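Here are my notes on this model, point by point. Please read them with the structure open.

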Amino acid sequence: MGTNHPLGLYVHLPWCVAKCPYCDFNSHGLNGRRVDEAGYTDALLRDLSFERANIDTARPITSVFFGGGTPSLFSPPAIARVLETAEALFGFDPNVEITLEANPGASDAERFAGYRAAGVNRLSIGVQSFDDTQLRRLGRIHSAQTAIDTFGQARAAGFDNVNIDLMFALPEQTFDQAMDDLDQGLALGSEHLSWYQLTLEPGTAFARRPPPLPTEDTAVAIWETGQTRLAEAGFAQYEVSAYARPGRQCRHNQTYWHCAEYIGVGAGAHGMVGWQRRERQRRPGAFIATAGTADALAQTRYIEPQDRTLEFLMNALRLNDGFTIPQFEAATGLGIDAMHPALSSALATGTLEQAGQTIRPTELGRRHLDAVLADF
């Protein structure tokens, strides 16, 4: 990967007020305890310095994403320290996109203004539902009204690029309830909407004690009708669960989907530079104790050339527009022949289509993406 490729930065902040029963992310419920903000922020700064010393690149960072956990539990000065250090070490692209995830109930208007002053220019608000009963089932700490108020506070603080996270096919959710959730989300007027189906991930409380979910037919009906409503509201689907108004696609997530390089710092964070995947210690205490040294790395794996085709396609085929052959060759260092014979088979069965230099999934391919990837 050359120096003209984007370079992203992911910062993981692992604490939540309470752990949601569907969540399989590396997050830890506080259960009344306080976040070790100072100790963890200092560790992030050491981790950034460690990464800079081990990356042979002068490329500026094009996007930053504070994920969690609940990043809005951290104060604006803490977020500002991380951004100032990252900019000093790597430099920022003039149009850098800086996203911070915020959960209603774990943020307020004063903090939003502080984040904006620190340099954050995009918020992602974890609404999930506008039904208070569903929110309680999902373990969320906010109400529907709190979510609406939080969006208004973001606007009042000057944020003109806001994403809303919504889920569908929730426990016992009817078609009409799901459509009402989506309609309320659209009514807020955000620039981006992440709309995705609840899945029972291994190791979660929901997987251990599965709630009653809608039938597959109901979930499909919700998805098909939702596609139409999103399009009518001016949102174009550009990834499996991502919808945006023109020019408002998430730049940071596109770094992942184009298999570009990104640094990951924080407990459990993943990064990939030079086809080397690096994963940090997952436990916050272990990360704080080792940050700034090689001991903070729980796993390092070099992706061999023969594995890069699948690595690339697992991300690129999530995009409705797919990828170009030059993008594949530049990212992987491989020729188009590396995708055969699986590519020929997918084109023949109609799960992928090719127009000139562009290869993209068809609607059939998007619905059966796992099967398409299995062929590779």
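1. A word on terms before the sheet: two strands count as paired if DSSP finds at least two bridges between them. Please keep in mind that this is a predicted model.

2. Three strands form an open sheet, and their order is 15-17-16. The pairing is antiparallel. Strand 15 (323-324) and strand 16 (352-355) are the edge strands, each pairing on one side only.

3. The pairing of strands 15 and 17. Strand 15 runs antiparallel to strand 17 (residues 358-361), with two bridges between them. Look at T324: this residue stands opposite T358 in strand 17.

4. The helix pair. Helix 6 (residues 175-188) and helix 8 (residues 216-232) have axes that come within 10 Å. The axes cross at roughly 25 degrees. Angles under 35 degrees count as roughly parallel, and helix 6 and helix 8 are therefore roughly parallel to each other. Their crossing is right-handed.

5. The contact between these helices. Helix 6 contributes F175, A178, M179, L182, D183 and L186. Helix 8 contributes T218, A221, I222, T225, G226, R229 and L230. By type, the contact of helix 6 with helix 8 has eight nonpolar residues, three polar and two charged.

6. Salt bridges. How many salt bridges does a search of the whole structure find? The count is 13. One to inspect joins the side chains of R81 and D42, at 2.9 Å from N to O. R81 sits in helix 2 (residues 76-90) and D42 in helix 1 (residues 37-53), so this pair ties together parts 39 residues apart in sequence.

Terms used: Residues numbered from 1 in each chain as written. Predicted model: local features only at pLDDT ≥ 70, side-chain atom pairs only at ≥ 80, totals over all residues. Heavy atoms only, no water. Axes fitted to C-alpha atoms, helices over the stretch in contact; angles between N-to-C directions. Helix = DSSP H or I, 4+ residues; strand = E, 2+ residues; numbered from the N terminus. Parallel < 35°, antiparallel > 145°, perpendicular 65-115°, else oblique. Left-handed = near helix turned anticlockwise from the far one by under 90°. Contact = heavy atoms within 4.5 Å. Nonpolar A, V, L, I, M, F, W, Y, C, P; charged D, E, K, R; others polar. Salt bridge = Lys/Arg side-chain N within 4 Å of Asp/Glu carboxyl O.
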